[in-house]
Amino acid sequence: MSKVLVVEDDEQTLAEIVEALTDHGCTVEAARTGRDGLVLAVANAYDAIVLDRMLTGGLEGLGMLAALRSAGVLTPVLILSALSAVDERVRGLRAGGDDYLTKPFEFIELTARLDALMRRREAGPSVQEYQVGPLRVDPLKREVTRAGRPVPLLPREYRLLEYLIQHQGQVVSRTMLFEAVWDYRLDERTNVIDVHISRLRKKLDPDGSSPMIDTVRGSGYMLHAPD
Amino acid sequence: MHLTELHRTTGFRLATLFLALFGVVAMLLFGYLYHEITGFEQERIDDWLKREHAELIREDPSELVVRFKHQDLLDPRQQRPFALFGTDGKHLAGGNPGDRPPIPQFDRPFSMRLENLPKRPPGRCIAAHLADDRVALQCQNTRELDHFDEELLHALISTALLTLVLGLIGASLIGISTMRRLDAVTASIEEIVAGNLSRRLPMHSKHDDVDRLVGVVNGMLDEIERLMHEVKGVCDAIAHDLRTPLTRMLAGLERAQRRTMTEPEYRAVIDETILETSGLLRTFNALLRISEIESGVRRQGFTSVNLAAVADDVFEFYEPTAEDKRIVFELTRPAIAPPDMQGDPNLLFEALANLVENAVKFAPQNGHVRVTLFSDANSFGVTISDDGPGIATTERRAVLRRFYRGEASRHAPGSGLGLSLASAVAGMHGMSIQFNDVATGCEVTFFRPVER
């Protein structure tokens, strides 16, 4: 079970985040100021930290993050902010944040991104081969086979599949996919990704075989071994 | 403004200032003239006196009594009274009876009152010691001259008074006229402040400085009114666009409340509500983002970006969608790649994506969509054309407004925000969106002039 620290000064937002993360199966601890958050983060080993960018009372989000990093704590940090401007995001990431989410956000997006952050830490060095059920992916040759039969993919489709495989069994939101595969940050109009996914599906799941990519309503996709 | 505040008006102040200046100049001028005229008269008299004096000295003193008497006879009005006085100061002859008056100086003209004449007129005199110790006093009665001086002074004062009165009346009229005009302008402004935005400041046909100002202000008011209407239009559109999903949501929730439902049915209602709510949230986010982009906050996040690369990605992103509609989807690149520019790749992607998405959305099944990159000496950019219904010439400006849905697209899905966002992004990158005149379909160019 993952242990997550949430640093947020708004009571209601905090309560909602704690609830969403608890529902997601995380153990959650909360701090209402940057100072408290810093003390907790340094003293305990968390799997991830959700940090509000704007904190009242002395130490604000980026300040706390900088202090945390200089104390040698490398826990992945997801920054929450009401500021959506690109340079704000860049500043947040430069200060040592690992991901950035603009308020208001959907909680499924938050949990999906947190999962990705925690998984990233677990993932070891480059994998020789991915295997999910009958699906085999060779990242070096970029070759994909299902049950021994080669699946010809376009480069973009391959990257899409690779990302889904790297996060297998996890919900991946459309914006995350878009960021990882297309290298653009876009919060709107990502429904077009559905079309790409459906193409990928057609290639992955030839007639009669059970589907490997599930659509998670309202949020994104999940790749798993066929039932 | 009240009449009591007339003196505060610029017109009145200027007019009185000029009146005062004119008065001072006129006074100086008249003073100088007065001085010159009186001086000239006195000099003439003095010249004459000196001539008479010289003549007198040359004459035989014994004949003087006769001569003076004769002179007196010739001068009944006693304009030039000459008198001869004995050594004892007694009057001997001539038109200046009585004892010899005190004489301040001899052989040089001086002024004195002619005490012994009726009404004691002023005079200019010259006195001479004769060889036999008698004294001759030759005078010129200057009463008429003084009269003239007085008349001159009177004329001056009355003219000055008249000028003052006329000037003040004029100043008041000017003041009142400017006050009236300003009152009218003020009243109009107050009405506008009170909310009547269609009101304009009154314009005279004088084409003067105030009219110029009024013209500029009226132009500004036109612009403000247009913006207000636009804001109102946006508000109405938001209200309208958000009312529909909210109504749907409410209906669903009320249905769930009314009926006894199974768990899966409740789930369906909740899912529906979540879907509608996140749709609403997305609309609001899009609106906020457009404002943010329009205010140019994002400009700080600019990096070097090539439009061709972005266009490639957009094209590739929409390829499957186009293929699903069996649209012939083509990308044409120029021989020379467009130059790198400073920009936000995410926003450029979004703007181009909106344009391409529209083209793919409105092109018919089996239609055509062309994405053409171009780069020449004057500009570089992307042209996107489709063979859909197109945009009416009259709607080309309006489609860039928030929530505006063209006639042809009223029933197509979408938020009505895509083109406004593209236009905002273009604006912040120094680019433009232009709809070209084509026979069929729609052709839109997203371009940037080349900096020289």
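Which strands of chain A does helix 6 (residues 155-166) lie across? In this predicted model, helix 6 of chain A lies across strand 10, strand 11 and strand 12 of chain A, and runs at about 75 degrees to strand 12. Those strands make up an open sheet of three, in the order 10-12-11, with antiparallel pairing. At its edges you'll find strand 10 (172-173) and strand 11 (213-216) of chain A, each of which pairs on one side only. To get your bearings on the screen, start with strand 10 and strand 12 (residues 220-223) of chain A, which run antiparallel and are joined by two bridges.

Now hop over to chain B, where five strands form an open sheet with antiparallel pairing, in the order 2-1-5-4-3. Strand 2 (91-94) and strand 3 (110-113) of chain B stand at the edges with a single partner strand each, so one side of each has no neighbour in the sheet. Ignoring direction, neighbouring strands in this sheet are turned by 30 degrees against each other on average. Further in, strand 1 (residues 82-85) and strand 5 (residues 135-141) of chain B run antiparallel and are joined by four bridges. Look for B:Phe85, which stands opposite B:Val135 in strand 5 of chain B.

What sits on this sheet? Helix 1 (residues 10-58) of chain B lies across strand 4 (122-129) and strand 5 of chain B, at about 25 degrees to strand 4. Helix 2 (residues 64-74) of chain B packs on the sheet too, touching strand 1, strand 2 and strand 5 of chain B. The direction of helix 2 makes about 55 degrees with that of strand 2 of chain B.

Helix 1 of chain B has another partner to follow. Its axis and that of helix 3 (residues 143-193) of chain B come within 9 Å and cross at roughly 170 degrees. Since angles over 145 degrees count as roughly antiparallel, helix 1 of chain B is therefore roughly antiparallel to helix 3 of chain B. Sort the residues of this contact by class and you get 11 nonpolar, 11 polar and two charged.

Next comes a place where the chains meet. Helix 8 (residues 192-204) of chain A packs with helix 6 (residues 307-324) of chain B at an angle of about 75 degrees, their axes 8 Å apart. These two helices are therefore roughly perpendicular to each other. From helix 8 of chain A come A:Val192, A:Val195, A:His196 and A:Arg199, which meet B:Phe317, B:Tyr318, B:Pro320, B:Thr321 and B:Asp324 in helix 6 of chain B. That contact divides into five nonpolar, two polar and two charged residues.

Most residues other than glycine have a negative phi. B:Lys119 isn't a glycine, yet its phi is positive, near 65 degrees. B:Lys119 lies in the loop between strand 3 and strand 4 of chain B. B:Asn366 counts as exposed because it has 10 C-beta neighbours inside 10 Å.

Terms used. Residues numbered from 1 in each chain as written. Chains lettered and ligands numbered in written order. Predicted model: local features only at pLDDT ≥ 70, side-chain atom pairs only at ≥ 80, totals over all residues. Axes fitted to C-alpha atoms, helices over the stretch in contact; angles between N-to-C directions. Parallel < 35°, antiparallel > 145°, perpendicular 65-115°, else oblique. Contact = placed C-beta atoms within 7 Å. Nonpolar A, V, L, I, M, F, W, Y, C, P; charged D, E, K, R; others polar. Pairing = 2+ DSSP bridges. Buried ≥ 20, exposed ≤ 12 C-beta atoms within 10 Å, placed from the backbone.
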